[in-house]
Each structure stands twice: as structure tokens, then as C-alpha cells.
Amino acid sequence: SLEKLDELFDSNYFIYGEDSDFFLRCKASNFKFKYLPDCVFTHKIKSEFSERTYYLRTRNVIYFSLKLRGIISYKESFLKYAILFTLYNFLTAVLNRDIQLRPLKIKKIKYSKNLFPRIRLLYLFFSSILWNIKMLSVITEKRKHLKNYYQLNQRVYK
């Protein structure tokens, strides 16, 4: 089944979001998969919130939205989630603190009260937008490829 998929994991994500992208495309291709609640996966390196984490998550959720918008969408509305997550990251930078979205169970971020961290977070936020602007030609090509793939397979999902 995976050989029929348009591509496996998108290397442009690097980390954060590639699994969501992959499983959305699997679902759009009508692949069957199961959730195994007893299955445990442990990362060798524990992921802590850092500037790099903030940047990559923001960058990738924007990339995810641009890549899949209008091609794959479901009742669960992953793209609305992506937009809200982007807004959440922007508010994190502007307010200079984590606004504690309870369902996500994110730890509080401890920053000093000076403006440097806020400016740094805003810089990272806009850097993630700039990265996506630089990647627009790649994103456009991926969108065309996905659109053609789903049209050929008569599976345009809206």
C-alpha cells in the first residue's frame, strides 16, 4: 500500500508534523490503519521546549497548512487546528509566556521579564513565516503533485 502513496515522509518537515501529514495522506488514500493504545514509542532524546522547538513547530504548522489547504480536509479540521496553533505561537511570542492551552498540556515557559526573549520569539515566529515564503515554489510543486495524485485516484477530499 505504501508504494502507492505519493511519497512517504516529507523531508521538509525535519521534525514536528511529518507524522500528521503522512497519516492524513494515508487516510485520503483510503489506507486502513489502527490506533494501538498499548504501543509505546520512546525517543532517545527528550524533547524540551526551546527556541528551536518553537521555531520548528511554528514553521512546520504553517508549511502543513499551505501544503494541504484545500486538497485534504476532514471533519476533524486539521487545517483549522494548524491556523489556531500558529495564532497560539504568535500569542506566546507577544505575551512572552506560554498561555497554557490545557488540552495540549504544555509546560510553562520561564522567561525573564525583559524584552529580549519576547523580541527573540517574535524574530523566530517571523523567521518561520519567511522560511515558508522562501519555500513557496516547493510548496506549490508539492500541492500540484498532491492534487494530481488525488485526482488521478479520483480522491479529491473536501
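Which side chain does Arg25 meet in a salt bridge? In this predicted model, the partner is Asp21, with N and O 2.6 Å apart.

## A pair within helix α1

Let's stay with these two for a moment. Arg25 and Asp21 both belong to helix α1, and because they are four residues apart, about one helical turn separates them.

Are they buried or exposed? Arg25 has a relative accessibility of 0%, so this residue counts as buried. Asp21 is buried as well, and its relative accessible area is likewise 0%. The cut-off for calling a residue buried is under 20% relative accessible area.

Side chains of opposite charge can pair when their charged atoms come close. A second example brings Lys142 together with Asp10 in a salt bridge, where the closest N and O atoms are 3.6 Å apart. Lys142 sits in helix α5 (residues 136-152), while Asp10 belongs to the segment before α1 (18-28), so this pair ties together parts that are 132 residues apart in sequence. Both of these residues, Lys142 and Asp10, are buried.

How many salt bridges does a search of the whole structure find? The search gives five. Through shared partners, salt bridges join Asp10, Asp21, Arg25, Lys67 and Lys142 into one network.

## Where α2 meets α5

Two packed helices are described by the angle between their axes and the distance between the axes. For helix α2 (residues 51-68) and α5, the axes come within 8 Å and cross at roughly 45°. At that angle, α2 is oblique to α5. The crossing of α2 past α5 is right-handed.

Sorted by class, the contact between α2 and α5 has six nonpolar residues, three charged ones and no polar ones.

How values were computed. Residues numbered from 1 in each chain as written. Predicted model: local features only at pLDDT ≥ 70, side-chain atom pairs only at ≥ 80, totals over all residues. Heavy atoms only, no water. Salt bridge = Lys/Arg side-chain N within 4 Å of Asp/Glu carboxyl O. Helix = DSSP H or I, 4+ residues; strand = E, 2+ residues; numbered from the N terminus. Buried < 20%, exposed > 50% of the residue type's maximum accessible area, 1.4 Å probe, protein only. Axes fitted to C-alpha atoms, helices over the stretch in contact; angles between N-to-C directions. Parallel < 35°, antiparallel > 145°, perpendicular 65-115°, else oblique. Left-handed = near helix turned anticlockwise from the far one by under 90°. Nonpolar A, V, L, I, M, F, W, Y, C, P; charged D, E, K, R; others polar.
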